[in-house]
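Subject: Handing over the structure

Hi there,

Here is the structure I promised to pass on. Have a look at it first, and then read my notes below.

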Amino acid sequence: MIFKVLTLFPEVILSATNYSILKRAQQKGLIKIEAINIREFTLDKHKRADDYPYGGGYGMVMTAQPIIDAYESIKPGRTHRVIYLTPQGKRYNQQYAEQLSKEEEIVIICGHYEGIDQRVIDMIVTDEVSIGDYVLSGGEYAALVLIDSISRLVKGVIEEKSTQEESFSTGLLEYPQYTRPFEFRGKKVPEILLCGDHEKIRKWRRYQSLLKTIKNRPDLLENFELTDEDREFLIKYCEIQKFML
Ligand code: ADE
């Protein structure tokens, strides 16, 4: 997987991806991250890459010329997506990450200020993507979110089993995890995790996942197919809740 990031701040991308899993993935040649400095392509004599918006209004807009020239300089491969990160984009989620992890090459455009000239979007962008309903000061932070979430789905980057039970891949939030020591400041690990009965542990984890999802993200349950076992558990859970009221 090759990521080619068009940005005014290449160091933000290169430094933040030079740690831990992403660093190892690059060393192993599983992913490649290139950061291309848009400013180097501007034909403006003052090296400016932005200008005032037509029609007036607050802030500056990134000009089309350096972005398009930077894009043409990287000679993108035959199959590639061009993602522009913007709060006006389609909402990013795990499914979207899984879809993008199948690509060979992803070009990411990071905007700043009030965004980029619409003609760039019309000419080269395949996906406008938002990582959430809030406004960041620059697309670089969103680009890092995409790079990290996609890279860990690339074969060989992390153990495949560890992504299978994660939040969102099952449709439920992940169950709680514990490690040593058994007791920390008087708080013990749930005994069931030490019982050695894998079926009991599986059930307990499933219930914990359901509880966490009800508490933190009940919206996820709307599109989730409950098993008979889940339903039985939820009925019991509701009865207990009623009893406690
Ligand atoms: N740039 C600024 N805010 C953003 C967001 N929420 N998602 C993606 N890119 C952005």
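Let me start with the ligand: one of its nitrogen atoms has a backbone N or O atom of L136 at 3.0 Å. That is a polar contact, meaning a pair of N or O atoms within 3.5 Å; within protein, one must be able to donate a hydrogen and the other to accept it, and residues adjacent in sequence count only if both atoms are side-chain atoms. The ligand's own accessible area is 260 Å², and the protein covers 96% of it (Shrake-Rupley method, 1.4 Å probe; for residues, only the protein chains shown count as cover).

Before going further, please keep in mind that this is a predicted model, where local features need pLDDT of at least 70 and side-chain atom pairs count only at pLDDT 80 or more, while totals for chains, interfaces and linings use all residues. Residues are numbered from 1 along each chain as its sequence is written, and side-chain values use heavy atoms, with hydrogens and water left out.

Back to the ligand. A backbone N or O atom of Y134 is 2.8 Å from a ligand nitrogen, and a polar backbone atom of G132 is 3.1 Å from a ligand nitrogen.

Which residues are around the ligand? They are L85, T86, P87, V129, S130, I131, G132, Y134, V135, L136 and A142, where a residue counts if one of its heavy atoms lies within 4 Å of the ligand. By class, eight of the shell residues are nonpolar, three are polar and none is charged (Ala, Val, Leu, Ile, Met, Phe, Trp, Tyr, Cys and Pro count as nonpolar, Asp, Glu, Lys and Arg as charged, and the others, Gly among them, as polar). Strands β5 (80–91) and β7 (127–130) each supply at least two residues of this shell, and β5 gives the most, with three. Helices (H or I, at least four residues) and strands (E, at least two) are DSSP runs, numbered from the N terminus.

Is S149 buried or exposed? S149 counts as buried because its relative accessibility is 15%, and buried means under 20%, exposed over 50% and partly exposed in between (1.4 Å probe, protein chains only). The side chain of S149 reaches two backbone oxygens: that of V145 at 2.8 Å and that of L146 at 3.2 Å.

Finally, L211 is in helix α8 (residues 198–216) and is partly exposed, at 26% relative accessible area.

Enjoy exploring!
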